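Please consult the sequence and the structure while reading the points below.

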Amino acid sequence: MMSIAGGFLVPLKTKGSIRLADLSTGTPQQPTEITSGSDDHHWFYHRVLWLDMNGDGKKDAVTCRAKKSLLGSGTGQLVWYEHPQTDSISNPWHHFIIADHSDTFFDITTLTAPTGTNTVIVTTGFFSNQLKIYWTTDPAGKWTDTLKIKSRVIEEHIGHVFDVQIDDVNNDGKSDLLVTSNGLSNTAVYVYEIPADFRTQTFTRHTIMTGFKSHNLLPGGGAPGSAKTIRNPSINNGKPLILLSGDDDSHAYILNAVSESVSDWSYHSNKILDTKGGTVGGITSHDIDGDGHLEIFVPAYSNNLIHIFKLLP
């Protein structure tokens with residue numbers, strides 16, 4: 001099953017949706033929309049992740065959504081759509097709001113605190129300028145009782161918080177947050193070390209790259225875009241590489257660590273694509289030909305092209 005999240009903050013694209021495409025048969029079926037409520041189309045959506053939120057054994061669709069009027073400020077919500085009890089995805093998917101102020105991207109993981117293990121959702125706020133973490137105190141790990149859902153602000157001083165990925169960035173055996181802030185100023189790639197107690201202790205911030213310049217000065221324009229860690233299958237250990245979309249700076253980057261020291265947060269920046277204008281979208285990778293080397297896919301959105309690079313040792 002493939003989820004398709006759509007919509008954006010620019011005029012004529014603000015009405016979004018989430019659709020599911022069944023890829024289990026030889027021919028993909030017509031996507032089925034699950035955001036069919038009366039209010040759902042007033043929002044746009046960027047990402048969908050899957051987690052059993054109510055303990056019924058079925059994975060539900062978790063997402064952040066946002067909306068912005070032409071002249072007003074933007075707002076967002078962290079929500080989940082309940083998987084129908086029947087196996088048919090065409091039945092209604094009812095949504096439940098967890099909280100406001102989380103509007104673009106997010107990630108889900110499991111963290112251990114002194115009181116036990118918790119499933120957590122880390123969210124970004126492009127409009128709220130907040131990086132937040134949510135967890136539930138329900139003994140069964142359910143997210144159905146909002147009184148048992150807790151949260152805290154990790155950061156609110158780096159501008160428009162755009163994307164977050166949870167991974168071990170410095171190869172010390174502990175998860176970190178890989179974060180980008182997007183805009184016309186105050187833009188950067190950061191890593192936050194997750195403390196032993198994520199509920200109360202400080203997330204230590206490290207700056208990986210700054211100085212992005214957007215070619216698009218209109219509302220919605222900015223740089224950089226999403227960052228994503230990848231590991232070269234030809235190399236069995238070491239810190240991961242970071243794929244970075246420049247978004248409206250028209251570049252694609254690979255960032256590689258200067259050293260393998262877990263306390264060294266210095267990176268080399270390598271431009272692998274310069275489109276000379278326009279937008280570079282989110283970058284992904286996969287070994288599509290089975291030769292043991294990753295292919296990197298860079299969408300040059302404004303040029304209607306996808307550039308493919310092979311990652312070699």
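A residue is called buried when its relative accessible area is under 20%, exposed when it is over 50%, and partly exposed in between. R231, with a relative accessibility of 39%, is therefore counted as partly exposed. The model is predicted. A search of the whole structure finds 12 salt bridges and eight aromatic pairs; some of each are described here.

**Salt bridges**

- Side chains of opposite charge can pair when their charged atoms come close.
- R231 and D167 form such a salt bridge, and their closest N and O atoms are 2.8 Å apart.
- This pair links distant parts of the chain, 64 residues apart: R231 belongs to the loop between β16 (227–230) and β17 (241–245), while D167 belongs to strand β12 (residues 161–167).
- In contrast to the partly exposed R231, D167 counts as buried because its relative accessibility is 16%, and the limit for that class is under 20%.
- The side chains of K148 and D138 also meet in a salt bridge, with an N to O distance of 3.6 Å.
- Both K148 and D138 are placed in the loop between β10 (131–136) and β11 (149–155), and they are 10 residues apart.
- K148 is partly exposed, with a relative accessible area of 30%, whereas D138 is buried at 13% relative accessibility.
- A further salt bridge joins D274 and K276, whose closest N and O atoms are 3.3 Å apart.
- Elsewhere, salt bridges that share partners bring D289, D291, E295 and K310 together in one network.

**The surroundings of D274**

- D274 is located in strand β19, which covers residues 267–274.
- Its relative accessible area of 35% makes D274 partly exposed, while K276, its salt-bridge partner, is exposed at 72%.
- The side chain of D274 also reaches the backbone nitrogen of K276, at a distance of 2.9 Å.
- When neighbours within four places in sequence are left aside, D274 is in contact with S250 and H251.
- With H251, the link is a polar contact of 3.4 Å between the two side chains.
- The C-alpha atoms of D274 and L78 are separated by 34 Å, and these two residues lie 196 residues apart along the chain.

**Aromatic pairs**

- How are the rings of W50 and W93 arranged? Their centres are 6.0 Å apart and their planes stand at 75°, so the pair is edge-to-face; the cut-off for this class is an angle over 60 degrees.
- W50 lies in strand β4 (residues 44–51) and W93 in the loop between β6 (74–81) and β7 (95–100), so the pair ties together parts that are 43 residues apart in sequence.
- W50 is partly exposed at 30% relative accessibility, but W93 is buried, with a relative accessible area of 5%.
- The rings of Y190 and Y192 have centres 6.3 Å apart and planes at 55°, so this pair is tilted.
- Y190 and Y192 are both buried.

**A nonpolar surface patch**

- Which residues make the nonpolar surface patch of about 240 Å²? The patch is made by M2, I4 and L23.
- I4 is found in strand β1, residues 2–6, and I4 counts as partly exposed at 35% relative accessibility.

Technical notes
Residues are numbered from 1 along each chain as its sequence is written. This is a predicted model: local features need pLDDT of at least 70, side-chain atom pairs count only at pLDDT 80 or more; totals for chains, interfaces and linings use all residues. Side-chain values use heavy atoms; hydrogens and water are left out. Helices (H or I, at least four residues) and strands (E, at least two) are DSSP runs, numbered from the N terminus. Buried means under 20% relative accessible area, exposed over 50%, partly exposed in between (1.4 Å probe, protein chains only). Contact means heavy atoms within 4.5 Å. A polar contact is a pair of N or O atoms within 3.5 Å; within protein, one must be able to donate a hydrogen and the other to accept it, and residues adjacent in sequence count only if both atoms are side-chain atoms. Patches are made of residues with over 30% relative accessible area and no salt bridge: like charges are joined within 9 Å, nonpolar side chains (Val, Leu, Ile, Met, Phe, Trp, Tyr) within 5 Å. Accessible areas come from the Shrake-Rupley method with a 1.4 Å probe; for residues, only the protein chains shown count as cover. A salt bridge is a side-chain nitrogen of Lys or Arg within 4 Å of a carboxyl oxygen of Asp or Glu. Rings of Phe, Tyr and Trp (its six-membered ring) pair if their centres lie within 6.5 Å; planes under 30 degrees apart count as stacked, over 60 as edge-to-face and the rest as tilted.
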